Amino acid sequence: MSERAPLVQPTESGPYCAAGDFYIDPWRPVDRAVITHAHSDHARRGARIYLCAEVGREILRERVGGSQSTIETLPYGGSTTINGVKVSLHPAGHILGSAQVRIEHQGEVWVVSGDYNPTHASNSCTPWEPVRCHTFITESTFGLPIYRWPEPQEVFGEIHAWWRRNQEQGLASVLPAYPLGKSQRLLAGLDASLGPIAVHGSVKTYLPMYERAGVKLAPTMPLSEESVPELKGRGLIVTSSAAQEVGLIRKLGGVSWAFASGWMMTRAARRNRDFDRGFVLSDHADWPGLLKAVEATGAERIGVTHGQVDAFSRYLREQGKDAYVFPTRYVGEAQGEGLQEDTPAEAARPESVDTPRAEA
């Protein structure tokens with residue numbers, strides 16, 4: 001008797017469940033796509049039918065656009081059947097609407113994690129929940145032992161101290177951030193009593209969607225000619241497009257630049273991107289979080305994808321796990337939304353913004 005084919009297999013279009021005839025986070029146009037979350041390496045345009053978590057529907061529509069596509073939804077924990085395969089979505093704790101995909105067929109259960117954050121919950125989205133399965137496909141963006149996140153409240157304390165110090169020096173504070181997920185996590189944790197907060201770029205596109213979902217965010221104003229006088233020397237700006245607004249940022253006068261990211265765990269990353277401060281804050285699992293998730297699933301087999309695939313799968317095998325690399329179009333530190341989420345290319349401090357800097 002031949003061995004049963006894997007329930008989810010890699011293909012040129014993305015992870016594919018042949019039994020249900022659907023893809024998970026495909027990167028090419030397909031007939032039916034189940035989406036873990038709306039970052040662009042997981043949610044691409046062109047599918048005929050999308051399935052996502054109910055709370056993420058509005059964001060997914062914004063990302064994939066087009067009225068020709070149908071978006072179906074499930075509440076967290078709810079299920080549907082696609083061609084005889086039971087599919088349910090469960091919180092991933094990554095961004096608003098992020099989900100782990102549970103797939104059940106003929107007594108076999110697989111879970112595809114997408115991106116997730118199991119140990120450092122954000123109040124900007126539903127916290128991660130463990131889902132038991134036989135096979136677990138896990139991301140590994142930060143799949144090295146060096147990546148161990150501090151408590152978020154500690155990090156926000158550091159951000160607030162930096163902001164206050166900048167105000168004492170007559171400097172505005174600039175925090176570039178990916179517009180979907182990281183920006184809202186910052187705004188959910190910032191203390192607006194310290195001073196005015198402005199947003200710029202596509203950050204503002206997603207704020208109403210988070211607020212309609214019940215996420216409490218710090219009050220903000222747009223970065224504009226009109227708001228520059230109020231922000232100068234005391235405000236904090238969260239922007240997704242600092243490089244495009246050289247003129248406005250220059251008008252702020254003295255500016256201190258910082259970046260909040262898991263990549264800030266290493267001094268080299270902060271130094272290479274020319275920031276005054278680096279804060280370790282990520283929406284992905286750190287090393288302990290990855291190990292926690294693997295154990296919590298009780299999975300007999302672990303597929304490793306999106307990130308440090310070789311290192312993390314090798315470590316799991318050394319610990320006696322049946323682990324393998326699940327191929328993806330996005331492999332390694334320098335590729336994929338995992339990196340862009342934490343270090344968007346447009347977020348680096350523009351060399352052309354010649355403004356006074358904070359003291360070292």
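The lining of the largest cavity draws its largest share, 3 residues, from strand β10. Both β10 (135–140) and β17 (301–307) supply at least two lining residues each. Strands are DSSP runs of E with at least two residues, and helices are runs of H or I with at least four, numbered from the N terminus. The model is predicted: local features need pLDDT of at least 70, side-chain atom pairs count only at pLDDT 80 or more, and totals for chains, interfaces and linings use all residues. Residues are numbered from 1 along each chain as its sequence is written, and side-chain values use heavy atoms, without hydrogens and water.

The largest cavity holds about 150 Å³ of space. A cavity is a set of points, on a 1 Å grid over the protein atoms alone, where a 1.4 Å probe fits but cannot get out; lining residues have an atom within 4 Å of a point. Points are joined across faces, edges and corners, and the volume is the space filled by probe spheres set on them. Of the 17 lining residues, Pro 15, Asp 25, Val 112, Thr 305 and His 306 are closest to the centre. The lining comprises 7 nonpolar, 7 polar and 3 charged residues (nonpolar: Ala, Val, Leu, Ile, Met, Phe, Trp, Tyr, Cys and Pro; charged: Asp, Glu, Lys and Arg; polar: the others, Gly among them). The structure has 4 cavities of 30 Å³ or more.

Helices α1 (residues 57–64) and α4 (residues 203–212) pack at about 160°, with axes 9 Å apart. Axes are lines fitted to C-alpha atoms over the stretch in contact, and angles run from 0 to 180 degrees between N-to-C directions. The pair is therefore roughly antiparallel (over 145 degrees; under 35 is roughly parallel, 65 to 115 roughly perpendicular, the rest oblique). Glu 58, Ile 59, Glu 62 and Arg 63 of α1 meet Thr 205, Tyr 206, Met 209, Tyr 210 and Arg 212 of α4 (contact: heavy atoms within 4.5 Å).

Conventions. 1 Å grid on protein atoms, 1.4 Å probe; cavity = no way out; pocket = protein on both sides within 12 Å on 5 of 7 lines; lining within 4 Å.
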